Amino acid sequence: MKTSRRSFLSGASTFAAAAMLAGSAGAQDVISEILQSERRGNWDDTFDARASQGDKVASHLPIFSPQTVLYIEQAVAQYSNIVAQGGWPMVPATKKLQLGVVDPDVIALRKRLMISGDLSTSAGISQSFDTYVDAAVKRFQARHGLPVDGVLGKYTYAAMNVSAEVRLGQLETNLVRLRSMSGFLGGRYVMVNVPAAQIEAVENDRVVLRHTAIVGKVDRQTPILNSAINEIIVNPYWNAPESIVRKDIIPLMRKNPQYLTENSIRILGPDGVEIDPATIDWSTEDAAKFRFRQDPGKINAMASVKINFPNPHATYMHDTPSQGLFNKLMRFDSSGCVRVQNVRDLVTWLLRDTPGWDRQHFEATIKSGESVPVRLAEPVPVYFTYISAWSTGDGVAHFRDDIYGRDGVDELQLSQAL
């Protein structure tokens, strides 16, 4: 353990370290000093150059790993101590706080960031939203999966004002989930974390690719499952599930009779013969008994590629023509399947050991427009999981919106309240 005063005060492990070195009374003294402190520091003060630091938020450590379990256990100890000392103050969510602002509410913000370890106590207490507070807010945002812009908006305020007690419970709930998945999962595997809307491609206990994802809506949830990716379909046909035919396609046809034609979707009867949409009564749901298949192409719902794996939910991963959706903060927009940003990088990694399917051949096949199924030489395990809190280092706790309400506390369903 580092023992210099500068190292001791810097980083997110301030309070856990204090508890271990000086006992709970010492930790209480540190937190009490923060909460009771008046103005210390102004714009012209020389603050510690490492005032907003600590272990890095970004990491190549897989969420599923024994090390992550160890780190989240440390986070539970840290947050237990914070709760025991009374938690952190609420930050009034009434103003747009950002770099350059001087406002009394910045005092509460500083105290809040210090207690959670995002801002060193050496930064002092003042009304100034300086560069150290800016860096600390950005660190906080990164830990919570928010846009890292340093601006206190509604989502950052909502995440910041979840109580320490609730965050502790979230860590404890997810520790149980992580412990159940900390064994050997394969030399190579893919993990889809639904609350984070993120995908990890893991090899030799290291994240080699990380992808932004779009997962299921609250009323069309992405399932939790374990399987193995065994097939890639280049330029896939899209067969619409009956649920989408009923909920989406039939209502759209009632509004626009040309919808199927405009989107290259064909209706096929039981014998595979194409059916003219004009012969169907769209005021009923009779069409749901037929198969709706979209031709390969740029407007195909799966765009260039589909990633298959056996499962009882008919769930798969795929590309999408709607790339702009990946820029959304809340990426819960699908009907249960998982859309993958930069999916061609993931597919190239998956096909690495499949003879004849290097990146060049893969890209050439996409350009051909021909629908081609490819069996993986070695299936790659895939895990769809629900981890809304984890840790990537001593004192670096990550939290996400409990989008499906599985953590059992309404306060954690932030997006539902905003």
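This is a predicted model: local features need pLDDT of at least 70, side-chain atom pairs count only at pLDDT 80 or more; totals for chains, interfaces and linings use all residues.
I number residues from 1 along each chain as its sequence is written, and side-chain values use heavy atoms, without hydrogens or water. Local features need pLDDT of at least 70, side-chain atom pairs count only at pLDDT 80 or more, and totals for chains, interfaces and linings use all residues.

**Helix pair.** I looked up H4 (residues 105-115) against H5 (residues 131-143). Helices here are DSSP runs of H or I, at least four residues, and strands are E runs of at least two, numbered from the N terminus. The packing angle is about 55°, and the axes lie 11 Å apart. Axes are lines fitted to C-alpha atoms over the stretch in contact, with angles from 0 to 180 degrees between N-to-C directions. I then listed the contacts (heavy atoms within 4.5 Å). Leu 109, Arg 110, Arg 112 and Leu 113 of H4 meet Val 133, Ala 136, Val 137 and Phe 140 of H5.

**Asp 295.** I found Asp 295 in the loop between strands E8 (291-294) and E9 (305-308). Asp 295 is buried, at 17% relative accessible area. Buried means under 20%, exposed over 50%, partly exposed in between (1.4 Å probe, protein chains only). Leaving aside neighbours within four places in sequence, Asp 295 touches Tyr 237, Ser 264, Arg 266 and Asn 300.

**Met 90.** I placed Met 90 in the loop between H3 (66-84) and H4. Met 90 is exposed, at 56%. Its C-alpha is 9.9 Å from that of Asp 105, 15 residues apart along the chain. Beyond neighbours within four places in sequence, Met 90 contacts Ala 108 and Asn 161.
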